[in-house]
Structures are given as structure tokens and as C-alpha cells.
Amino acid sequence: MSQHLAIHWAIAPEIAPRPLIHCNRCGAVKAYRCSDKFRVNANGKRIDVWLIYRCIDCDNSWNFGIFERCNRRDIEPALLAALESNDPALARRHAFDVVALRNRVGRVEEFPDVAVHKHRLGGEGEPAAALEIRLGLEMPTSLRLDRLLAGELGISRSRLQALEEKRLLVVVPEGARALRKPARDGTAIRIDLADEPDREAIISAAVGE
């Protein structure tokens, strides 16, 4: 029986963060959703670029600054073309930049919803006594590691904690209360399943079978 099976989980958030802004139309603080559209305004050699957000209740707009009073020559032609064509990947990258949003408005609503794509890293068809799950995050998420593992492996968070206390579950790099912190890119979770009666079911869930 092989010592462990290595699996890569590619994790992508599904719902973009929503800044909480005082809406002039609603007269209250409201969540604003990303429209996935850029506004590019050229004034001579100067260019302003914003990512447009809309109030979830009244559709009032708010502009998240990407470039402000920037010289056209300082923007790569390919980047400018992507902005002007509302490139979806570029809009997504800016929409999920929660740090930049928080620096601009302070309060941001985050969502733990993610899509997980699983890929076996060798050991095809071989039985395993342990798992090593390697996380690859497209961008940061607020989803706690224990919630991610519980949902994807089909086991309870209390069981994960018990495995951790017995040193049968180890998070690398290890830190205090690692399971209770958000999942991070580059994290590896090693789980010894040798004595677990439902080992095969857990492994099947881990590899997405």
C-alpha cells in the first residue's frame, strides 16, 4: 500500500466581494456588485479608468478607480485594449482585489463560495493510507480551511479537529489554529487515514470521484 496520495486542489472564488457604500438614491449603506464593465475616459494625454459597480437595490453606479490621471504612454497598449473591451479576466482580477477595495471604502462584504477543481498528482489506481492535499488559490478567499476540508471530504469539522489533535492531520506551513484560518495558496494538508474505517470514501471525495 502506498504511503500517501498527493492531490492538487485548484480553488477559485465564485462571488466577488461587494463594497458597502452609502447609496445616494437609497439613502442608506448598500452593497454594490461589480458590473464587469470598465469606464475609460481620455482627456488629451491623460486617461482615467474605473471599474463600474452597481447598487444591488437601485442600480446606482459607483466607480472604483483603476487608473487616475495616468499618462497614456504609461499604459501598455495591450492593457489599454483589454480595458476598453471589458476583458472578463481583467475585470475579475480587479473585482476580487479585496485589499484594494477595502483600502478605498473600508467595509467590504466577502463570500466563502468557491469552485474546487481536483487533480491527482501521480499514484493513479494505487491504494493509499494517507492524503496530501495541496492548495492552489486563484486569489485569496475568506473560506476557512476546516470548512473547505469538511465540505470537500464529506466529514465533520469536529472530526478534522480530532485528527489534528492526534497529529493525524498536519497543516504545512503549520500555525496556531491553522484549520480555523482562511485557506491559503501553497498550503499542504497531510492526513493519515490508515486506521479510518471510511478511508476509501474520504479518498474518493478528495480526488473528486
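A disulfide is counted here as a pair of cysteine sulfur atoms within 2.5 Å. The model is predicted, with local features needing pLDDT of at least 70 and side-chain atom pairs counting only at pLDDT 80 or more, while totals for chains, interfaces and linings use all residues. Residues are numbered from 1 along each chain as its sequence is written, and side-chain values use heavy atoms, leaving out hydrogens and water.

**View 1. Cysteines without disulfides.** The structure holds zero disulfides. Cys23 is in no disulfide, and its nearest cysteine sulfur belongs to Cys58, 3.5 Å away. Cys23 is buried, at a relative accessible area of 0%. Cys55 is likewise in no disulfide; for this residue the nearest cysteine sulfur is that of Cys58, at 3.8 Å. The relative accessible area of Cys55 is 0%, and it counts as buried. Buried means under 20% relative accessible area, exposed over 50%, and partly exposed in between (1.4 Å probe, protein chains only).

**View 2. The largest nonpolar core.** A nonpolar core is a set of buried Ala, Val, Leu, Ile, Met, Phe, Trp, Tyr and Cys residues joined through side-chain atoms within 4.5 Å. The largest one has 32 residues, and those with the most contacts inside it are Trp9, Leu135, Leu145, Leu148, Leu149 and Leu153. Elements that each supply at least two of its residues include strand E1 (5–13), strand E8 (130–137), helix H4 (145–153) and helix H6 (199–207). H4 gives the most, with five residues. Helices (H or I, at least four residues) and strands (E, at least two) are DSSP runs, numbered from the N terminus.

View 3. With neighbours within four places in sequence set aside, Leu145 is in contact (heavy atoms within 4.5 Å) with Leu135, Val171, Ala178, Leu179, Lys181, Pro182, Ala183 and Ile189. A second, separate core has 27 residues, among them Cys34, Phe38, Ile47 and Cys55.

**View 4. The largest cavity.** A cavity is a set of points on a 1 Å grid over the protein atoms alone where a 1.4 Å probe fits but cannot get out; lining residues have an atom within 4 Å of a point. The search of the whole structure finds one cavity of 30 Å³ or more. The largest cavity holds about 90 Å³ of space, a volume being the space filled by probe spheres set on the points. Its lining consists of Pro13, Ile15, Pro17, Phe96, Val98, Glu110, Phe111, Pro140, Thr141 and Ser142. By class, seven of these residues are nonpolar, two polar and one charged.

**View 5. Backbone exceptions in loops.** Most residues other than glycine have a negative phi, and most peptide bonds are trans. The peptide bond from Val172 to Pro173 is cis, with omega near -5°, and Pro173 is in the loop between E9 and E10. Asp59, not a glycine, has a positive phi of about 70°. This residue is in the loop between strand E4 (46–55) and strand E5 (61–71) and is partly exposed, at 36% relative accessible area. Asn86, also not a glycine, has a positive phi of about 55°. The loop between helix H1 (77–84) and helix H2 (88–95) holds Asn86, which is partly exposed at 21% relative accessibility.

**View 6. His117 on strand E7.** His117 lies in strand E7 and counts as exposed, at 53% relative accessibility. Apart from neighbours within four places in sequence, His117 is in contact with His8, Trp9 and Ala10. From His117 to Ala91 the separation is 26 residues in sequence and 22 Å in space, C-alpha to C-alpha.

Technical notes
1 Å grid on protein atoms, 1.4 Å probe; cavity = no way out; pocket = protein on both sides within 12 Å on 5 of 7 lines; lining within 4 Å. Nonpolar A, V, L, I, M, F, W, Y, C, P; charged D, E, K, R; others polar.
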